[in-house]
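Me: I have a structure open and would like to go through it step by step. Can you take my questions as they come?

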Amino acid sequence: MRTDIFAAAHGSEFGFNLVTDLREMWQYAFMQHAFEAGTIVAIVAGVIGYFVVIRRSSFAAHGLSHIGFAGAAGAVLLGLNPLAGLLVFTTGGGLAMAGLGRKAAARDVEIGTVLAFMLGLGVLFISLYKGYATQAYSILFGEILGISATDVWVTGIVAALVLAVMAVLYRPLLFASLDEDVAAAKGVPVRALGIIFMVLVAITTSIAVQVVGVLLIFALMVTPAATAERLAKRPAQGIAIAIIVALLSTWSGLFVSYYVPYPVSFFITSVTFGVYLITRLVIATRRRVPVARP
Amino acid sequence: MNAQTNTTTAASPDVIVAKNLTAGYRHKIVWRDATFSIPKGEFVGVLGPNGAGKTTLFRLLLGAMKPLDGSIALNTDEPRQGHAHVGYVPQRRPVDDATNIEALEFVRLGLNGHRWGLDRGAAKERKTAMKALKAVDAEALARQPLSALSGGELQRIFLAQALVGDPEVLLLDEPLSNLDIRREASLVQLIHKVVKERGVTVLLIAHDLNPLLPVLDRVMYITNGQVATGKPETVITSASLSALYGAPIEVLRDSRGRLAVLGIEEAAHAH
C-alpha cells in the first residue's frame, strides 16, 4: 500500500486550492477510505477519550491497546482479520480490568506488567507469521492508507453502536466518573457502568488501531481529550473540543501525507501533541495571580 | 420488622428511627443494639474515635449496607440507594488540578446525574443549581472550575450539590477536616442556616466538637461498639465524655457560659 501512495502522490503537487486538492486526493479509493475511517474514528475517540481522561484511566486505555496487539498478531497468524483479534483481546482485557474495579484500572505496575507480556506474545505471533515486518509495522503504527471499503463499513457500524450506548449512559457515566461515591448513593450503578465503559474503550481502541496503531493510541484517544479537559468547563464542550482536535489532526495528517512521503501517524500525533502543548502553555501564561479568598 | 417501624414512626415527627440496630460486616460487628430517633430539622453532631463506625451509620442510611440486626428507617422507609430525600457529602472527593468542570455543572449532577439518556432541560436545571449555590452563598463561584477553588469553597459546592435535590436529610462526612478555624466556623454557621431555613435534618461527622458546640441540637457518640445520643447539655460533660472515649476529657465553661472541650482530638486519634 505504501507504494500505491507514492505512485498516487507522484506528480501531484500541492495546489494551494483545498477544494481541487481534496478532489484530486479522493479520486483514489484508498484516500477516500482513509478519510472516511479517520473521521469516524476521530469522533468516537473524542467522545470516549473525554471520559477516559476524566476517569483518570488513560494508562488502562494504553494498556488495552497493547493487549490488542497480541490479538491482532494472533489473528494475522491464523489468517483472520486483525480487527477481529483486536476486538476479542481488548474486550477481554477491558472486562478483566473493569472486573477488578476502578482502582485496579489505575494500577500502573499491574497494567504495565500485563502490557509487556502481551507485547511479547504479539512479537512471537508476528515472528511465526511470514510477512513479519509489514504486519508488525501496520499493527504497531497504523496503516490508515490500507483501509478497505469493508473496513470502513465495519468501523462505521461499530462506531454507531458505541455512540448509541454512550448517548444512553452519558449523564450517569459522567456522574460516576466525577463523583463516584455520591453517584452510588444516588442509585447510579457505578460498577456496572465501569464494566460497560471499559468494553467501549476496548472497542474504540480496536477501531482506532487501524488509524494510528497500538503504540500511538494515546495520540487520538487521550491527547485531544486532555486538551479538551484543560479548555472546557462544561462536559459537552469538552467532548466537542476533543472531537474537533482529533478530527483536525486526522484530516491534516492525511492531507499532508498525500504530498510528503512520511507516515500519516506521525503527522496525526504531531498535531495533537502540538495543540496540547500550546494549550498548556497558553493556560500557564494566562493563569491569574492567586488572590486570597474567603 | 419493617412494618413495626412504620407504625411507630407514622405518628411522630422523627425522620430517622433506629431500633436495636446492629451494624457490621460478616465477620465483624462494628456496633450493636442502637436505639435512637432523630426529629425533623435537627442539627446532629456525630462523634467518636476513628474506626468506631460513624461512616458505617451513613452507609446504613444510604442503603449501601443492610443492618445485621434490628431496623433503621428513614421517613418510615427502609433506606435504599437513590433515595431522593437524602443529600450526601462523602469524606474525600477526587478534585485535582486538572478537574476543570465548573461548579454549576458539578452541582447540576446532583439533580440529573442519575438519569439515563442525553442531557435535556439543561437551562432549567442550571437555574435550580444556581439557587442551591445561592443557598450556600456561593453564586460567585458558579463559573469557576473546581480545580481553582479552596477547601472551604469546595465544601460549599459539595453542600450545594447535596442540597440541589431538596433533600430532607443531609449526611455530611467530615466536612470540616482540612479547614482552618475561621472557615470551619463559617461553614458550620452556613449549615446551621440551611437547617433552620429549609427544615433539613443534618447529621455531621466531626472529630472536633468545639466548632459545632454553638449550633448542635443533638450529639451522637459512637464508640466502643455502642451508639449514644443525647442533648448537648447532658452529653457534653467531663464525666460522660471521658467515659465514652475511655480517656480524660475536660469540658470547660468560660465566663460567658460558652463550652470548650479539651482532649477529644487526641482521644479520637489514639484509638
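**A loop in chain B, then the rest**

Reply: B:T76 sits in the loop between strand 4 (69-74) and strand 5 (86-89) of chain B. Helices (H or I, at least four residues) and strands (E, at least two) are DSSP runs, numbered from the N terminus. This is a predicted model, in which local features need pLDDT of at least 70, side-chain atom pairs count only at pLDDT 80 or more, and totals for chains, interfaces and linings use all residues. Residues are numbered from 1 along each chain as its sequence is written, and chains are lettered from A and ligands numbered from 1 in the order in which they are written.

Me: What is phi of B:T76 near?

Reply: Near 70°, a positive value in a residue other than glycine.

Me: And why does B:T76 count as partly exposed?

Reply: Because B:T76 has 16 C-beta neighbours inside 10 Å. A residue is buried if 20 or more other C-beta atoms lie within 10 Å of its own, exposed if 12 or fewer, and partly exposed in between, with C-beta atoms placed from the backbone.

Me: Where is B:D166?

Reply: B:D166 is in the loop between helix 5 and strand 6 (169-173) of chain B. Its phi is positive too, near 60°.

Me: Switching to helix 6 of chain B. Which residues are buried there?

Reply: B:R183, B:E184, B:L187, B:V188, B:I191, B:V194 and B:V195. Seen down the helix axis, they fall within an arc of 135°, so they line one face of helix 6 of chain B. The arc is that of the directions from the helix axis to the C-beta atoms.

Me: What is exposed on the other side of helix 6?

Reply: B:I181, B:R182, B:K196 and B:E197.

Me: And what covers the buried residues of helix 6 of chain B?

Reply: The cover includes strand 3 (43-47), helix 4 (122-135), helix 5 (151-163) and strand 7 (201-205) of chain B.

Me: Now chain A. How many helices and strands are there?

Reply: Chain A has 14 helices and zero strands. Of its 294 residues, 52% count as buried.

Me: How many residues of chain B are in contact with chain A?

Reply: 25 residues of chain B are in contact with 25 residues of chain A, where contact means that the C-beta atoms, placed from the backbone, lie within 7 Å. On the chain B side, helix 3 (residues 103-112) gives the largest share, four residues.

Note on methods
Contact = placed C-beta atoms within 7 Å.
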